[in-house]
Amino acid sequence: LPQALAAQKTLREKTGPGSEFTDWVTLPGDYDKDEIRRVKEAAARIAGRSEVLVVIGIGGSYLGSRAVIDFLLSPYYNGTPGKTTPDILFAGNNLSGDALQKLTERIGERDFSVNIISKSGGTTEPAVAFRYFRALAEKRYGKDGARQRIVATTDKARGILKTLSNAEGYETFVIPDGVGGRYSVLTPVGLLPIAAAGIDIDALLRGAAAMMDSCANAPDNAAVRYAAARNALYQSGKKTEVLASFDPDFVYMGEWWKQLYGESEGKELKGIFPAAVSYTADLHSMGQYMQQGERTLFETFVRTDMPAGGLAVENDTANADGLNFLAGKTVDEINDAAYQGTKKAHTDGGVPCLVIEAGPKNAGTLGQLIYFFEYACGVSGYMLGVNPFDQPGVEAYKKNMFTLLGKP
């Protein structure tokens, strides 16, 4: 804990490496209100003219918004009967031509808009996808029509995408200079797609602000305690952290968390390896390793409150499947018993378990959880003695790829 408190001081006083990228620490309290108003207006226009919004980005430019939409609305959000908001489809996070073609088939003849998200505009995966969808939009709607359907989230003043947006007249939103991609879900990067899906972004920001105040006003706060616990385990030989949830809507939150911690901490031959599992499904696969594999890992469970009521198991007179012992219990109650049994089994098997009790499953809670993980990540990175806000290792594959492709 003393190490964590010292690292928190470094984060808050901006005295550590990468401090120029720590504006997210105070973002929920001092975000650009006018920019967020424009985000809501743009989201309403997109919903009014398009049945599909194609969000083009990679890493932090798409994981946050996808995680929020899945968690608050459902992984089955797209195609929900009767909804008045557009389907949200994600592109530019791979280099698969087959995936692009299948996504185009998914759009079909429906009207679509495009949100291209890139600080520079030069990242290969989203740049290739944007070139494709820009041409598709211009073919379908003409240059003037496409101009009304393309929104760019990029640097405020420079870069390939900003220059192109100015030349073509695309509406633009700003990726703040002091906020890196993996910390940007509470900026227009994440908020525009989230708002287009009909989620209350004000509630999301209020939740983040509540956690920001908690971290600022209490030195020994929950995020610092989490950072302290995981680093104490790391120093004792636990090299892998497995983030676990019993909610299938949490899968992409696990993906967002993996990028946040993997890209922030994995440097200088240091860092806790972040992995994520979705229970109970993964209890029938990774559960075996968790129970009896190498004891070099620890587990962090994220819990939200169960909703009242819910689907219950009915009584069956014949009891042919032998499940009458569950009659009257809800599926969520059975799921909770699976969680309790798993936590005890893994603890008994030598896996230290941390538990994050998040509260009710709503936008406010999720805003708190996002800020909680971001703040703990900054503290934890400084505890490791690395810069939590750069990613020099990401450039290695790009250099090799560009050489193979003959880039000038």
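**Note on salt bridges and pockets**

1. Glu265 and Arg230 form a salt bridge, with 2.9 Å between the closest N and O atoms. The pair links distant parts of the chain, since Glu265 sits in helix α11 and Arg230 in helix α10 (residues 222-235), 35 residues apart. Glu265 is buried, with a relative accessible area of 0%. Arg230 is buried too, and its relative accessible area is 0%. The model is predicted, and this applies to every point in this note.

2. A second salt bridge to look at joins the side chains of Lys361 and Asp249, at 2.7 Å from N to O. Lys361 lies in the loop between β9 (353-359) and α14 (363-384), and Asp249 in the loop between β6 (240-245) and α11, so the bridge ties together parts that are 112 residues apart in sequence.

3. Arg225 pairs with Asp220, and their closest N and O atoms are 3.8 Å apart. This still counts as a salt bridge because the limit is within 4 Å. Arg225 is partly exposed, with a relative accessible area of 45%. Asp220 is also partly exposed, at 38%.

4. Over the whole structure, the search finds 32 salt bridges.

5. The largest pocket has a volume of about 900 Å³. It is lined by 33 residues, and those closest to its centre are Thr123, Gly181, Glu263, Gln391 and Lys398. Which elements give two or more residues to this lining? They are α6 (124-147), α11 (251-265) and α15 (395-405). The largest share, four residues, comes from α15. By class, the lining holds 12 nonpolar, 13 polar and eight charged residues.

6. The second largest pocket contains about 460 Å³ of space. Of its 18 lining residues, Gly121, Gly122, Ala127, Val128 and Arg131 are the closest to the centre. Two or more residues of the lining come from each of α6, α7 (160-168) and α15. Helix α6 gives the most, with seven residues. The lining divides into 10 nonpolar, five polar and three charged residues.

Note on methods. Residues numbered from 1 in each chain as written. Predicted model: local features only at pLDDT ≥ 70, side-chain atom pairs only at ≥ 80, totals over all residues. Heavy atoms only, no water. 1 Å grid on protein atoms, 1.4 Å probe; cavity = no way out; pocket = protein on both sides within 12 Å on 5 of 7 lines; lining within 4 Å. Points joined across faces, edges and corners; volume = space filled by probe spheres on them. Nonpolar A, V, L, I, M, F, W, Y, C, P; charged D, E, K, R; others polar. Buried < 20%, exposed > 50% of the residue type's maximum accessible area, 1.4 Å probe, protein only.
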